Amino acid sequence: MEGTPDAPPEDDFSQIVDRVQEKLQYRFADRELVRGALTHGSYYYPLKGGVCYERLEFIGDSVLNFLVSDHLVKLYPGLSPGQLTLLRSANTDTEKLARVAFRHGLHKLLRHKVTILEQQVFRKMLEPFITLETLGKHPVSELHEYCQKKGISVTFVRCEWKCGSRVQVWLEGQLMGVGSCNKKEGAKNRAAKAALANLKKSEHIQDEAIESPSSS
């Protein structure tokens, strides 16, 4: 099976372009750009690879970061660069963008032969745009706030991983969380989530020990 079950066959690729243009409310001067954007390298296996999304991703990441940055600067004219960076990272996170594609049905048009995409990426609908008011729920921001209140030093360490990025979270010299993703920001977010979960679990155990001390 090639791509997702609902994807049209190769001969009907013009229909894919039409559906994308309808969803985006935009007409592409070069329709072949759509072919590249929706094609994963695995689509050609076991034959030699052809056009795929990778070159478009190279410029697309920069364009997306610029557009989100421009929106945030206008939305929060008095916000510091550090807070703006956190907001931009939260709104360009790989998993969040995957939910955007899912919400608009773009995942049905992808051409690939990687079943893990269907198992792990196409899960939930897009959550609301992350604002200054909801930034505290972002795992990296929440972890920094927690550690600041507790006076705990936090260090993010990026490790080499052949499948993408892997990030470790160290608190006071103790490994507290690990996250992996094909992009650095995604790995960092997952590592922060893991660290928060372990911290809350540790606090719960300590609370139980205080409430139920062992008898002498």
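Buried means under 20% relative accessible area, exposed means over 50%, and partly exposed lies in between, with a 1.4 Å probe and protein chains only. By that scale arginine 31, at 30% relative accessibility, counts as partly exposed, and 31% of the 216 residues of the protein count as buried.

The structure is a predicted model, in which local features need pLDDT of at least 70, side-chain atom pairs count only at pLDDT 80 or more, and totals for chains, interfaces and linings use all residues. Residues are numbered from 1 along each chain as its sequence is written, and side-chain values use heavy atoms, with hydrogens and water left out.

The secondary structure comes to 8 helices and 3 strands, where helices (H or I, at least four residues) and strands (E, at least two) are DSSP runs numbered from the N terminus. Along the sequence these elements follow the pattern α-α-α-α-α-α-α-β-β-β-α.

**Salt bridges**

The structure holds 4 salt bridges, a salt bridge being a side-chain nitrogen of Lys or Arg within 4 Å of a carboxyl oxygen of Asp or Glu.

Glutamate 32 and arginine 35 both lie in helix 2, 3 residues apart, which is about one turn of the helix. Glutamate 32 counts as partly exposed because its relative accessibility is 44%, whereas arginine 35, at 18%, counts as buried.

Aspartate 70 and lysine 74 are 4 residues apart in helix 3, so about one helical turn separates them. Aspartate 70 is partly exposed at 31% relative accessibility, whereas lysine 74, at 61%, is exposed.

Leu33, Leu56, Phe58, Ile59, Val63, Phe66 and Leu67 make a nonpolar surface patch of about 720 Å². Patches are made of residues with over 30% relative accessible area and no salt bridge, with like charges joined within 9 Å and nonpolar side chains (Val, Leu, Ile, Met, Phe, Trp, Tyr) within 5 Å; the accessible areas come from the Shrake-Rupley method with a 1.4 Å probe, and for residues only the protein chains shown count as cover. Helix 3 (residues 54-75) gives the most to this patch, with 6 residues. Leucine 56 has its place in helix 3 and counts as partly exposed at 31% relative accessibility.

The axes of helix 3 and helix 4 (residues 81-91) come within 10 Å and cross at roughly 130°, which makes helix 3 oblique to helix 4. Axes here are lines fitted to C-alpha atoms, for helices over the stretch in contact, and angles run from 0 to 180 degrees between N-to-C directions; angles under 35 degrees count as roughly parallel, over 145 as roughly antiparallel, 65 to 115 as roughly perpendicular and the rest as oblique.

**Glutamate 142**

Glutamate 142 is found in helix 7 (residues 139-150) and, at 25% relative accessibility, counts as partly exposed. Its C-alpha atom is separated by 9.1 Å from that of lysine 193, a residue 51 positions away along the chain.
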